[in-house]
Amino acid sequence: MANPPELANLIGGMEIRREVFHGRSPFYPDYEVATPQIGELDAARAIGAARRAERGSFADRWQALQRAAEAFHLPDEIIDHTVRVTGIPRRVVLELAADIPRWLKGVPEHYAGRLLDAGSIDLPPGAAAEVSPHVRYQPLDGPAYVLCPATDPRAPALAAANLVALGIPFILKASRHDALAPRVLDALIAGGLDPHFCSLLYFDNHTSSGPALHARLIEASPVVWTFGPRAGVYRAFGLPSPASPGRLPGTLAGKTTLFHEDAACAAIVSGGFSDRTQAFLEQSLAFASGCTAVRGVFLLEAAEDWPARCREWLARLRVGDPLDLDTQVGYFHPANLHALERARQVHRAALESHGGQRLSPQQQTPLLLELARPVSELLGQEIPACFLATFRCGTLAEAVDTINQTAVQPPRLTVATHNLELNERNVRQLARVQARNLHLEQPTSAVHPHFHEGNDYLRLLSRPRLFAGKAARKGK
Amino acid sequence: MRTANAWQDLLQLEPEFLELEKAVREGALADYRAIPPEAFAWHAWDLLPQERLFALIWPFILQQLERASRCMPRIYGVQLGEVAPQALRPQDWHSLPLLFKDDHAPSGSPGFRAAAAADPRALLPADAVQGQAAFVSGGSLGRATPTFVSLADRQREVSAWRRGHDYHGLQAGDTALYTYNTTHKGGQWMQESLLAHGVNTLLRRPEENAAQVLENIRRYRVNALFTVQQPYEIMQSQSKAAGLNLHSLIAASLENPQFEGLLLPDNDGRRQIEFLFLGGFPIVPYARELLEEYLPGLPAATLLGSSEAIPQACSTNPALTGEGRCHLNNLHLLQGPHWIEILKQDGQHWAPVAKGERGLLVYTSWARDGTIWIRYAPGDAATLLLGEGECPCGLHSPVISDVARLNPDDIEELLQYGCAAG
């Protein structure tokens, strides 16, 4: 068994390793990872670093992100480590990792010309000229405290790209086994970002010091960015869930807090099961443990043999050791497979089941569930496992209604369409879909990093300012 | 702050001390109360052989023995019952039994905790002048017991503490901020001794947090910081400092760039604080980690004292005594107004330990109006690191180390086996 890479906290450009806490990969029991644990003073140092960070201009930061994208590099040992701790097949990890430099490079384009930055006010020529009203966004003061998940190795890069573009210094709390986040920060610093701008911390949530560290970092940060649903985030922070949904616990009151709620993805699919359809579904399924994987497929005027061909395709997907480059379906947490199995058993009267053979506690063959009636638990719940649940709808209106009604935690994250004609009538129906993202002929797994899972980061992390009036010129 | 090349100025015998010694030797001064309190600020106490000092204070020890027998019978009835103070000779001193707070079967000594619990005024001598303050200590094994001190006692101890300030390098005109809980005797004595030393003194108010304290350090140009640092694992219990410690001050400094250069050095290595006093606990391993990692080059020292007796010993400012071995938790005994001993059981006697040996910390308050301690072992032990005259710094008094509170079992072992148990 290979040795895990050495992890280090990164604060103000300094690597810090003190005591470690150990954990084993849930998928490779012999693979033990030593994670460096920060203390209170390390957290204090990270806060201080963020407060003294040089932000530079938007142009400086854009350039730093471009250079970071060039500098970003993942050695094989990091890829293998990521496979071992996530269960995601190696070929998929490579694809996910390829998103990172793309995001670093591409995210700032969405903010160009929109931020309140030096020289960003459009001044017409001439003296005392009229300034036509336009809006600029003033990013919030930092630091931002970012709680990164264990499930998506790209999450630190997504947060970092946006926060750097916006000029908000940040402190990342990485998942305990994450060896990819350090490479992102290394690339940013190599790209010219002030090392104080970004810090990376590891600590064990499950010790008595975990909640206290979270509390201090939250207290010091006007922005708290999480990648989980509220209930899970509150648990991680050691906070009680507030009595009223929608209300924040006291600790988070007054903060700009981002959550990424559970919200199962769905697709409206028409026509035959072609190679294009296979490619469409494969992109959504490849990262089956991720929240962007399609779960519910709503068939609309689909071919009669669509389910059979889908079934055959799923049966051909290569299930195996995630480290094997040929593997397409890797490992999943046993609890997720249990949840899927339980749902299948409970609703067996409503479905025909194909595949889903349990090969080990953490592995099963892909599952296709053809539903005779809409079942929320299978069509609208985020169960991180490799399965598709299909339901035939007579009309697009019925498909939209069923998508909305079966969402366990509305709104859905993403609804995608495939082979659906975009005429005026269909667009009117699609407008009723209760989803954060609507992808037209794009799989649910297509991530738009400046607007992910319904979070418009420009709007959430800045304040709009309207400029209008006259421009006074000095000496004229 | 005193500079290293001015350290030698402290190593001078005061002529006034020699006059005092002469007066005592000639019998012209036989009452400790005639010793002016400021005499305890003289460095001579730390520059002379222990035997010579003991000879000087012997008349006052006899004076206190007589007072203790007469005026504190519920405390000393057993320990001093067979002792005729005026017949006692200096060589008999080690045969005098120790006083313990709790019963100790091996030595046959009953403790006084029960008597004090029944009536704490048993610790107030019957002849004590009016106006005694009571400071309590040692409640972990039962009800805490008081030490009564008069205003004059306070002045003696405050003066003696000034020697510690000298050995820490403090001078008139320096500005100290201390975060101590001033309901503790140590916190009060600290303030008064600093003022007596000519040091501008700033007190941390209980409602001030670490950031506010740092802001005050900046505004008042504080150059000496007096604070505490507990072991990391008990940091939550902060009764002695009432909520603030070195850790929290470092945390606030790290978090807030505007405090750069006050406690933590700035990018150019400059720092406003020139000396750090860490009290209340030994300089614990966690404090040393903080010093090494966050405060490199900042001299730190401590002073040992308790509600019963202040001062007992102190380390010196390493910036002044570079060659000395009396740094951090290696402490020079500070004789006067208490006689401090490190003792082991030697048959029926309690005798001084030899160099390298560990023994009980014992004190005798020979210049005290209030509670008289005669060979009182409060439950601390220490190791004699250096014999007198051996420390390269130039102070003559012995150096002790590893001062620690014993649990009752450890006391049993030391009593039965002496320092061989160490």
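**The interface and beyond**

A: In the interface, 14 residues of chain B are in contact with 11 residues of chain A, where contact means heavy atoms within 4.5 Å. This is a predicted model, in which local features need pLDDT of at least 70 and side-chain atom pairs count only at pLDDT 80 or more, while totals for chains, interfaces and linings use all residues. Residues are numbered from 1 along each chain as its sequence is written, chains are lettered from A and ligands numbered from 1 in the order in which they are written, and side-chain values use heavy atoms, with hydrogens and water left out.

The size of an interface is often given as the accessible area lost when the parts come together. Here chain B and chain A bury about 1100 Å² between them, with 46% of it on carbon and sulfur atoms; buried area is the accessible area (1.4 Å probe) that two parts lose on being put together, summed over both. Leu254(B), Glu255(B) and Pro257(B) supply 50% of the area that chain B buries against chain A, which is more than any other three residues.

Charged pairs also link the chains, as four salt bridges are counted between chain B and chain A, each being a side-chain nitrogen of Lys or Arg within 4 Å of a carboxyl oxygen of Asp or Glu. In one of these, Glu293(B) pairs with Arg45(A), and their closest N and O atoms are 3.5 Å apart. Seven residue pairs, both residues at pLDDT 80 or more, are in polar contact between chain B and chain A; such a contact is a pair of N or O atoms within 3.5 Å, and within protein one must be able to donate a hydrogen and the other to accept it, while residues adjacent in sequence count only if both atoms are side-chain atoms.

On the side of chain B that touches chain A, helix 8 (246-255) and helix 9 (285-294) of chain B each supply at least two residues. Helices (H or I, at least four residues) and strands (E, at least two) are DSSP runs, numbered from the N terminus. Helix 8 of chain B gives the largest share of that side, five residues. By class, the side has nine nonpolar, two polar and three charged residues, where Ala, Val, Leu, Ile, Met, Phe, Trp, Tyr, Cys and Pro count as nonpolar, Asp, Glu, Lys and Arg as charged, and the others, Gly among them, as polar.

The largest cavity has a volume of about 70 Å³, volume being the space filled by probe spheres set on the points, which are joined across faces, edges and corners. Of its 13 lining residues, Pro89(A), Ala286(A), Ala288(A), Gly330(A) and Phe332(A) are the closest to its centre. The lining of the largest cavity divides into nine nonpolar, four polar and no charged residues.

Technical notes. 1 Å grid on protein atoms, 1.4 Å probe; cavity = no way out; pocket = protein on both sides within 12 Å on 5 of 7 lines; lining within 4 Å.
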